[in-house]
Amino acid sequence: MAFASIHVPNFLVQAVVRAEPNLRDRAVALVDGTPPIWNVVAANEAALRSGIELGMAESQAAQFSAVEIRRRSRLQEKSAHAALLDLGASVSPRVEDTASDTIILDIAGLASLFGNEENIATQLMRRAAGLGLVAHVAVSSNLEVAVHAARGFAGITLIPPGEEASCLGPLPLRALLPCAEILETLDRWGVRDCATLAALPLLQLSERLGQEGVRLHELARGASLRSIVLAELGVHFEEEMALEFAVAELEPLAFLLGRLLDQLCARLEARALAACAIRLRFDLEDSFEKDFQILSENSPPKLAPRTYEKVLGLPVPMRNSKMLLKLLRLQLQADPPHASIVKIILSAEPARPRAAQGGLFLPSSPDPEKLELTIGRLANLVGNSNIGSPELVDTHRPGDFRMGRFLPAVGESKISQKNGAAASIHIRKEDTSTSRRAATAFRMFRPEVQAKVELQDGYPVRIYFRGMRGNIVAASGPWRTSGDWWREDLWQQDEWEVDIRFDSSASSRSERTPNPRAQDGLYRIYYDSIRAAWFARGRYD
Amino acid sequence: MAVNLATLRSKVELALAGRVVAPFTYRDRHAVETVSTGIAEIDSLAGGLPRGALTEIFGPACSGRTSLLLSALAARTAHAEACALIDGCDAFDPHSAEAAGVELKQLLWVRCRSIDQTLRATDLLLQGGGFGFIALDLSDMRAEVLRHVPLDAWFRFRRAVEDTPTILVVLEPESNAKTCASLVLRMEAEPARWSTTLETRAPDFFRYPSSWLLEGFGVRAELLRSHMQSSAPNGFKKHFDSAGRSETFETNAMPGFLSVARIEPAPK
């Protein structure tokens, strides 16, 4: 049985630095408290060397120009803790959530996957760095020893079985987290490290410090025995960020979203997952001017929503943060929030990553991630409703269809390719064999063009539309259709297929109308009985 | 003089170093892979549609441009290729396309409202890459508008598809792409074919119009330009560069929901 403990030193600072990687090499101090009293609650080594002290007032800390002052962020601490758990879960399914900055993994049986204990510890350090955390790792057969070694020693610490007490010996007593009163007592006795405490006689220590003294004695000797308490690891991926100053512009917002997406994708990668959807939620700033939405002149003003939500559905699971950021930007450009943003919550719906086997002889197909980006850009250009794959609907209403999502199937050719490569090389020969008589194509007029039609004995003989006059030289019809009589948008039409010869000398022709002789051809016109008017639906081409 | 030319040449090569590989070396044109349009007559006329090149199909309204496009789309989608249609005037009819055999799931339809939108959408799709067939439908746009499309747009499109397996087809009322198009086809409509259910054809059409059925219409396609050097299956190479050759094919009226009962199915 072996355990690895991962400890993130100076967790409060690291949680903030994880969200702002540019602070990694800077002196950082965190302040917390009740406004207007803000005190320094945490600082990194560089800040402490600069003269920052814990408990110092914010105004005093602000005197140090080289030190970056940040507010303590509980949201980022929560995210950093979730990332720490993801790190543990990426190596072992048996994880104990010991503290916000410490976890324990059961690494028994992982040798065949990662190698020896040193390799496992190195992997953990590397993965922690990938998640934006600097961690200390200790491996021991005793769970408590691993925890205290990780808290007390920097880097990787490997403790062989039987050497727990000697390894923990130089560790300061503070690493065992005793209560302040006992720590003070031991300090007055001159007991300042684990080796000294372990050398004290247990009976006399028990008489003076009670059960807590016995517990500390066991910990210092590395003789404490307890079982691992397994944490329930969910697959909930969420990153939050509260903003000190509200953001109204897209550029700075994209910068922040990029950071959160980087963190989210790193967490997904640690769990070998990808996102099939990204949920975005903004808490919006209260603003007097934008609080009310006036829907119409007569309607009462409606209170504007305080949150903004958006779901980015993805056709294939992906975890490329740059690609996701581009897609989110396109969505936000098309539908921006109506007020400044004070809090960002980004969550991912996890899914198994896409695994695709490429083929040499498969037809070319766009890369799904790239395609999604292209479609996003096109949707931004022409509108969401104007791009997609057309789908026919189950109705007889003329020209009815809906737009669906474009998800091309790859490698599902209708034409069987029995000979693989040979079929591909002689593609022309194969294609020619599929040639058949062309179906007459129809082109729609959207919207339909209103026309004036002259009838003779009930049949169309002349037509006027788009500033042109034409003689109908042949016609077929009427083809009567109707439907949806139970709805408001019912239809009832008499359709005709007509061959029109336009008159080039029509007086109504303007500069914007096309050359009439070039428009001669076969058209489909109809008389709408509901609207009592003639329309041109389109033409054959 | 020879020394000067050599110096000049080395200077040009030095200036273009890193950008153009061997600027004075003749680059042999690769044999272009062509695919079927789905219409045997057009295939025999033009040798099919070239990949990695721009094909221009133009003609007046009702001249069979869209029928040819749908036929080509049907052939490509049947091979599970991803296809895109940039519809400049929002005139595409999905019912007609499905009747022509187009796999609609394989087709990305971009409905545009202006020439600017159309050209920008084409740029985006070409940059995205991966499509086997991209059609740019400008058929219903006014010729005056299309004449104002800068020539560099056509050059850009041609360059974007070069050395890719993408077929770029442009439908227009007039030819505008000039030398950027590797294949130019002009379409013209032949008279429509009507049939009657009456045993004897009525002398006066307007006495019995409801007994007439639209069967289709003929299309005359003329090859105006082809820069292709296509490798025929039997091994010899054939140049399709004889302008002015033409072929005629017939279309069948769309078996739409109205016409199912009265139009004969296309011969298998």
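In which sense do β6(B) and strand β7 (residues 167-172) of chain B pair, and over how many bridges? They pair in the parallel sense, over 5 bridges; two strands count as paired if DSSP finds at least two bridges between them. This is a predicted model, in which local features need pLDDT of at least 70, side-chain atom pairs count only at pLDDT 80 or more, and totals for chains, interfaces and linings use all residues. Residues are numbered from 1 along each chain as its sequence is written, while chains are lettered from A and ligands numbered from 1 in the order in which they are written.

**Strand β6 of chain B**
- Helices (H or I, at least four residues) and strands (E, at least two) are DSSP runs, numbered from the N terminus.
- Strand β6 (residues 133-137) of chain B is largely enclosed by the rest of the structure, because 5 of its 5 residues are buried.
- A residue is buried if 20 or more other C-beta atoms lie within 10 Å of its own, exposed if 12 or fewer, and partly exposed in between, with C-beta atoms placed from the backbone.
- B:Phe133, B:Ala135 and B:Asp137 point one way from β6(B), and B:Ile134 and B:Leu136 point the other way.

**Partners of β6(B)**
- Strand β4 (residues 83-87) of chain B runs parallel to β6(B), joined by 5 bridges.
- B:Ala135 in β6(B) has B:Leu85 opposite.
- B:Leu168 in β7(B) is the bridge partner of B:Ile134.

**Chain A**
- Chain A has 16 helices and 23 strands.
- Of its 541 residues, 37% count as buried.
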